[in-house]
Amino acid sequence: MPLEAQTLFIDGAWTSAASAAALDVRSPTDGETFTAISRGDSADIERAVDAARRALQGAWATMAGFERGRIMTNLSNLILANAEEIAQIEARDTGKPITQARTDIRATARYFEFYAGAADKILGDVLPFLDGYQVTVQREPRGVCGLIIPWNYPASMFGRTVAPALATGNTVVLKPAEDASMSCIRLAALAHEAGLPAGVLNLVTGLGEEAGAALSQHPDVDFLSFTGSPEVGTLIQTAAARNHVPCVLELGGKSPQIVFDDADFEHAAQTIIGVITQNAGQTCSAGSRVLIQRSAYDRFIAMLKERMSAVRVGAPAADLQCGPVINSTQAKKVQGFLDRARADGIEVIAQGALDGSAVKTGYFVLPTLFGPVPTTHELAQEEVFGPVLAAIPFEDEAEAIRIANGTAYGLVAGLWTENGARQMRVAKKLRVGQVFINNYGAGGGIELPFGGVKRSGHGREKGLEALKEYTVAKTIVLRHD
Ligand code: NAI
Ligand code: MG
């Protein structure tokens with residue numbers, strides 16, 4: 001493991017920032033500083049991009065797909081062998097309950113397992129053309145990939161971006177979030193141990209405005225993947241446009257859970273409360289609006305109320321349903337939404353409660369169910385990124401679809417109904433990237449293509465679909481007569 005504040009991994013070696021600057025790392029659970037990370041900036045990004053560029057010419061370039069896959073399989077196994085240690089790192093760094101952290105680390109290993117199996121199956125096409133010609137289309141790596149990930153699921157986002165990039169033969173410069181870099185640092189060390197050649201994976205910790213901006217603007221980066229806020233997403237896409245490189249953006253959502261009066265209420269209520277309180281609501285695909293058919297509104301609200309009131313919030317080690325949010329800024333942001341909704345006269349239907357393990361200096365907020373929330377209110381339109389659920393009644397299918405599609409976002413939707421024809425009819429009309437029918441959970445399924453439309457971003461991660469993003473088609477036309 002690197003020494004404190006030697007958390008840049010460049011060209012196969014741990015190093016400090018060229019400026020020697022470092023950033024304190026605080027625990028969301030008690031607000032205390034527990035370690036430091038290097039404050040990488042444009043000088044360090046320069047070194048990392050240079051190493052990634054050189055690695056594209058080295059052993060990595062001539063390595064067969066199955067050999068890349070073997071290294072990735074090694075990494076997946078190393079992650080599993082060290083899973084408890086990484087889960088503890090993740091729980092301390094992000095505040096998430098330890099069971100949730102363990103689930104995330106298993107998902108991280110799965111990403112490398114899944115894409116290891118794909119590394120020797122990056123298939124091309126043979127196209128029919130004129131007589132006397134042979135046309136092939138092959139998928140080539142993009143080159144140097146700049147990956148900028150957020151703090152909510154650091155380890156699994158590492159897997160989601162790094163694994164498909166490596167499977168397709170790219171090299172990587174990863175910029176983890178300043179609020180949660182520790183598991184990524186450990187994963188980079190394991191990637192080295194797994195046999196990844198020097199320079200193939202480089203990691204630069206630091207601030208978004210410094211290291212992140214420098215990476216996104218670097219003219220020698222061939223592809224960008226960003227997950228985070230829509231505001232920074234605009235900056236990333238602007239930088240990509242200036243350099244004429246593609247980018248994938250995953251920018252969160254205001255995802256609806258649509259509950260019809262014929263739904264399995266027990267299952268729906270349990271899932272909906274579980275999803276919005278998981279990771280303290282800091283999930284891009286969190287179902288933060290629950291749309292309930294008016295004929296079942298009171299009955300279903302009573303069930304949500306009972307479950308939301310039972311949620312307990314505390315330290316990761318207490319292993320409750322809900323931990324703290326990531327930092328004081330996020331706690332204030334979420335609290336602001338709660339205060340304004342109350343001031344606007346929206347009824348608090350239910351609130352969870354603090355457990356004894358939730359100390360005053362930690363960044364805890366109370367999970368809250370509001371309703372009925374007018375569809376124009378910010379609680380029905382804006383991403384809170386906290387454990388806050390807005391209940392909205394609807395009359396019929398047409399109105400449900402109108403409300404579901406009536407925000408700037410379009411990431412995921414949950415659909416709860418036993419009516420088979422309605423399931424498919426509504427699913428087809430929702431402007432989102434994923435629809436879950438009688439289940440919900442974008443975080444699960446590594447196999448499932450994921451991404452949004454509208455303000456939720458564009459491009460697809462996860463599944464075999466991601467391989468298309470990380471490669472570019474080359475058409476070769478041969479005349480042989
Ligand atoms: P952010 O979008 O600023 O941070 C995400 C990543 O982008 C981090 O690695 C950060 O260092 C980097 N970054 C920040 N500014 C950058 C820049 N100018 N150039 C390049 N990279 C940059 O998100 P932040 O400030 O941590 O959270 C603000 C809000 O964003 C949250 O309250 C939440 O609503 C949303 N968010 C959504 C996420 C999602 O999964 N969709 C994840 C994190 C935040
Ligand atoms: Mg920010």
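An oxygen atom of ligand 1 lies 2.5 Å from a side-chain N or O atom of W151. For K333 the corresponding distance is 2.6 Å, and for N152 it is 3.2 Å. A polar contact here is a pair of N or O atoms within 3.5 Å. Taken alone, ligand 1 exposes 810 Å², and the protein buries 86% of that (Shrake-Rupley areas, 1.4 Å probe).

This is a predicted model: local features need pLDDT of at least 70, side-chain atom pairs need 80 or more, and totals for chains, interfaces and linings use all residues. Side-chain values use heavy atoms, without hydrogens and water.

## The shell

The shell around ligand 1 holds 26 residues, each with a heavy atom within 4 Å. The closest are W151, K175, E178, S229 and K333. The shell splits into 14 nonpolar, 8 polar and 4 charged residues, with Gly counted as polar.

Domain 1 (8–251) and domain 2 (256–445) both contribute to the shell, so ligand 1 lies between them. The domain bounds come from an automatic or database assignment.

## Backbone

Most residues other than glycine have a negative phi, and most peptide bonds are trans. D11 is not a glycine, yet has a positive phi of about 55°. The G371 to P372 peptide bond is cis, with omega near -10°.

Definitions and conventions: Residues are numbered from 1 along each chain as its sequence is written. Chains are lettered from A and ligands numbered from 1 in the order in which they are written. A polar contact is a pair of N or O atoms within 3.5 Å; within protein, one must be able to donate a hydrogen and the other to accept it, and residues adjacent in sequence count only if both atoms are side-chain atoms.
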